[in-house]
Amino acid sequence: MIGTFKGLVTNLFLAFKKPVTVQYPWEHAPLAPRYMGFPVLTWDGEVGEPFCTGCLVCARVCPTDCITVTMKDNPKAATGESHRRKIVEDFHLNTANCIVCGLCVEYCNFDAIIMSDLHEEGATTRGDLVWDLARLLEEGKKQQMKGWWSPPAAKKSERRATAPPRAAAPTAEEAAPSGVAAVAAPQESLDPRVVEARRKAAELRAKKAAERGEVVAAPVLETPSVPQAPGVGASAEEGVDPRVVEARRKAAELRAKKAAERAAQQGKEGKTEERE
Amino acid sequence: MSLLDIILVGIGAFILFNFIMGSVLVLILAERKVLGRLQQRLGPMRTGPWGSLQTVADAVKLLVKEDLRPQGSDVFIFYLAPLMLFVPGFLIWAALPFTRDLVLSNLGLGLLYIVAVSTLSIVGMVMAGWASNNKYSLLGSARSAAQLVSYEIPLVVTVLAVGLLAQSLNLVEIVERQVPVPYILIQPLGFLLFLIAALAETGRIPFDIPQAESEIVGGPFVEYSGIRWGIFFLAEYAAAGAMAFLGALLFLGGWSGPFSDSPLWLFLKATALVLLFFLIRAPLPRLRVDQLMAFAWKVAIPLSFLNLLLIASALFYGWPQWLLGAVNWLVLVAVVAAFSWRRERRLARLRGRYAA
């Protein structure tokens, strides 16, 4: 009877806590960093063409056969604008079949396909679920603008050749191109808008992470300071937004509190066990 | 009784009926919202601002839903059963006073009337279960009959103890006798038993064995659809609300309050009891049938008789109220301690058995 009463009191206090419900279409739970949504194609802003050469590796490795690619001779290679002799002609991704496993991204030799953060893609007909090249590139550009991905300095094949053996170093950075991989990105090629957008995105991410009280806050925040793009350098190194600093401090406090609570909880549980 | 009287009573009944309907709508919404908060959810949020029109939408949906009747059912009884459940619920409300004067019919034996009428709901349950021609329904109605009959006894005996203490079965007089000290302080044991029995009578969650969605898919109401099912639902909540009001009248001092006597106090007290019902619902699982019966016959009934005996002897030997209250509190504490001790002992025994 006392136990029941205890349960009632506990539940009563629960009623004054913040509900965990997220009102979905209006509110979105924050996406995890490196969330894997549908794969999209990346855009080589330097040359003005997709990274994809239509080599079919992704189509062959795809476990659900949801990728269809065709290849053509690259007209820009003839004029010397591009180093790609072949280029993708058409690319179809059937999102109805795609299981978002990421194998295509893993196997792509040209950093041409990336996992996006798109996860709310519905359509009213099955045909609309098949994304064509134009849409994939458009979504990919949006991802790049958001700072979700940026072209790495070295080609994937080169990175792979120079990389230490797998056991020695984790290849997470290499496998999942994110802001972290942009460390030595060619600065002059970058559209200033992209730089700006990326900086903003990084700040936002840092803020979000700090709000969530995550440890990620610190490393993610330091990344944008590295590219040193003109006009960004001033604010990147020293001038971290005071709100960010504040948020980070709060996050640290919260973490300490949580840890203390956990410790207290464990102590309590230990005691109850002893008593019973 | 003149024609005018009849018309006046009719108008009063109409107002009361609408009051019940409105309060049931509010109750259902409040239950869903409060239960949601108790489970760290939000409850209904989509229909109307903060989901405030959810029950209205539900009611409209029930009204336009197809009215089904299973083949081989007993037509007349099938259609009569919802009414047989709802009418007693309404009849209880007819005798509940909101203030000294604001009462549809101030019966001299109001308490007896309420107890008698509330028992009628068993008939509705059994009729629904029998007429549906469905084994789940029948099982549910059998369970409900067993449960309601069992818990009717502690309910009646605790209510009788209140009547004995107040030396009246008139609800207005009972409230007026509680003016300095509400009866919850004088007989907490009685209040606890009343609360448990009221929960069981209205079939609310730790005692929702007759409905038991996970076992018998909804008990006597399985075969009902549309507004007939809605009437069952309505009756259930009307009964729960009536029980909350009855508890507020019998144990919490009714409309008498610190500043002035007003029906507002009664509403506040009843609301507090309703919230307590919601709170009890949130963390507790459903009892097993045998646990339910064991509690009724081995614990609730003996304790309610003990409570009655205490009050009877207090009246016979002319104890002052404080002494009676003290003894009653002592018995309550002893009962709770005995329960906890027994539980500990049983746990120790089980541990010993499974440790090896």
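Student: What is the handedness of the crossing of helix 9 of chain B and helix 12 of chain B?
Tutor: The crossing is right-handed; the term applies if the near helix is turned clockwise from the far one by less than a right angle, and left-handed if anticlockwise. Helices here are DSSP runs of H or I with at least four residues, strands are runs of E with at least two, and both are numbered from the N terminus. This is a predicted model, in which local features need pLDDT of at least 70, side-chain atom pairs count only at pLDDT 80 or more, and totals for chains, interfaces and linings use all residues. Residues are numbered from 1 along each chain as its sequence is written, chains are lettered from A and ligands numbered from 1 in the order in which they are written, and side-chain values use heavy atoms, without hydrogens and water.

Student: Which residues in helix 9 of chain B meet helix 12 of chain B?
Tutor: Phe191(B), Leu195(B) and Leu199(B) do; on the side of helix 12 of chain B they meet Leu273(B), Leu276(B), Phe277(B) and Ile280(B). Contact means heavy atoms within 4.5 Å.

Student: And by class?
Tutor: The contact has seven nonpolar, no polar and no charged residues. Ala, Val, Leu, Ile, Met, Phe, Trp, Tyr, Cys and Pro count as nonpolar, Asp, Glu, Lys and Arg as charged, and the others, Gly among them, as polar.

Student: New topic: how many disulfides are there over all chains?
Tutor: The count is zero, a disulfide being a pair of cysteine sulfur atoms within 2.5 Å. Cys66(A) is in no disulfide, and its nearest cysteine sulfur, that of Cys62(A), is 3.6 Å away. Cys98(A) is in none either; there the nearest cysteine sulfur belongs to Cys66(A), 4.4 Å away.

Student: Is Cys66(A) buried or exposed?
Tutor: Cys66(A) counts as buried because its relative accessibility is 4%. Buried means under 20% relative accessible area, exposed over 50%, and partly exposed in between, with a 1.4 Å probe and protein chains only. Cys98(A) is buried as well, at 13%.

Student: Back to chain B: where is Met21(B)?
Tutor: Met21(B) lies in helix 1 (residues 3–38) of chain B. Leaving aside residues up to four places away in sequence, Met21(B) touches Phe86(B) and Leu234(B). Its C-alpha atom is 8.1 Å from that of Ala238(B), 217 residues apart along the chain.

Student: How many helices and strands does chain B have?
Tutor: Chain B has 14 helices and zero strands. Of its 356 residues, 48% are buried.
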